[in-house]
Amino acid sequence: MGQMEAPAQRISVRARSLWRVYGILTSVVFAIFTIGIGVLTYFFSWPLWPIVVIFVLLILEAIINIGVIPSIRWKRWRYEVRDQEIELQYGLFIVKRTLVPMIRVQHVDTEHGPLLRKYKLATISISTAATTHKVPALDEQEAEELRRSISSLARVAEEDV
C-alpha cells in the first residue's frame, strides 16, 4: 500500500519569520528568568553551577526555537481544501494529518494578531461541533479567500444532506 500524497497548499513563507519572532520573545522571557537566578545566586552566594547550566539551556533553547523549529514547522505545515473535506498536515517530529469533513464545518473565522498584521498574515479557524482547527500564517488575501471558499463549500455540503 503506497503512501498518500501530502496536501498541496503551503502556508506563507513569512510564517518562518513570524515564528522566529515568537522564538525570540520566548527566549527573552527565559533570559529574564536566567538573569533573575543569576542575581539571586550573587546575593545569596549560591553555587555557580546551576546558573551555568541554566545559561547553557537558554542558549540551546534560543538556537532551537529561533533557528530550527520555524523551518521544520513551515516545511511540515500543509493544507488542502476539497469539495467534501479539508485536509491539514502539521507537526514537528510527529506529523499529524487531519481530515475535516465539510459537512461538519459550522463556521470559519479569520484571526489577525499584532504580529500577524505586521507580517501581513492571518490565521483561519475552522470550527466544528467537536473542536477548532487552525491554518496559521496565511497571506491576508489568501486567508480571506480561503475563509469564503470554506464557508461556501460548507453551506453546499449542508444543503446536500
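**Entry 1: helix α2**

I began with the bend in α2. The helix bends by about 40 degrees at Ile69. A proline, Pro70, follows within four residues. I kept in mind that this is a predicted model.

Next I checked the length. Helix α2 covers residues 49-76, which is 28 residues. From its first C-alpha to its last it reaches 38 Å. That is close to the 40 Å expected at 1.5 Å a residue.

Then I looked up which residues of α2 are buried. I found Ile51, Ile54, Leu58, Glu61, Ala62, Pro70, Ser71 and Trp74.

**Entry 2**

Strand β1 (residues 9-10) pairs with strand β2 (residues 78-81). The sense is antiparallel, over two bridges. I found Gln9 opposite Tyr79 in β2.

I followed β2 onward. It also pairs with strand β3 (residues 85-90), in the antiparallel sense and over four bridges. Here Val81 stands opposite Ile86 in β3. How many residues lie between β2 and β3 in their hairpin? I read three.

**Entry 3: Tyr119**

I looked for Tyr119 and found it in the loop between α3 (114-118) and β6 (121-127). Is Tyr119 buried or exposed? It has a relative accessible area of 17%. The cut-off for buried is under 20%, so Tyr119 is buried.

I listed its contacts, leaving aside neighbours within four places in sequence. They are Arg14, Ser17, Leu18 and Val21. I also took a distance to Gln84. Tyr119 and Gln84 are 35 residues apart in sequence and 31 Å apart in space, C-alpha to C-alpha.

**Entry 4: aromatic pairs**

I counted four aromatic pairs. One of them is Tyr42 with Phe43, and it is edge-to-face. The centres are 5.3 Å apart, with 75 degrees between the planes. Both Tyr42 and Phe43 are exposed.

I then took Phe44 and Trp46. Their ring centres are 5.7 Å apart and their planes lie at 20 degrees, so this pair is stacked. Phe44 is exposed, with a relative accessible area of 53%. Trp46 is partly exposed, at 41%.

**Entry 5: confidence**

Last, I checked pLDDT. The chain averages 93, and 96% of the residues score at least 70. Among the elements, helix α4 (residues 140-160) has the lowest mean, 88. Strand β7 (residues 132-139) has the highest, 97.

Technical notes: Residues numbered from 1 in each chain as written. Predicted model: local features only at pLDDT ≥ 70, side-chain atom pairs only at ≥ 80, totals over all residues. Heavy atoms only, no water. pLDDT = per-residue confidence, 0-100. Buried < 20%, exposed > 50% of the residue type's maximum accessible area, 1.4 Å probe, protein only. Contact = heavy atoms within 4.5 Å. Pairing = 2+ DSSP bridges. Expected span 1.5 Å × (residues − 1). Bend = angle between axes of the 7 residues up to and from the residue. Phe/Tyr/Trp six-rings, centres within 6.5 Å; stacked < 30°, edge-to-face > 60°.
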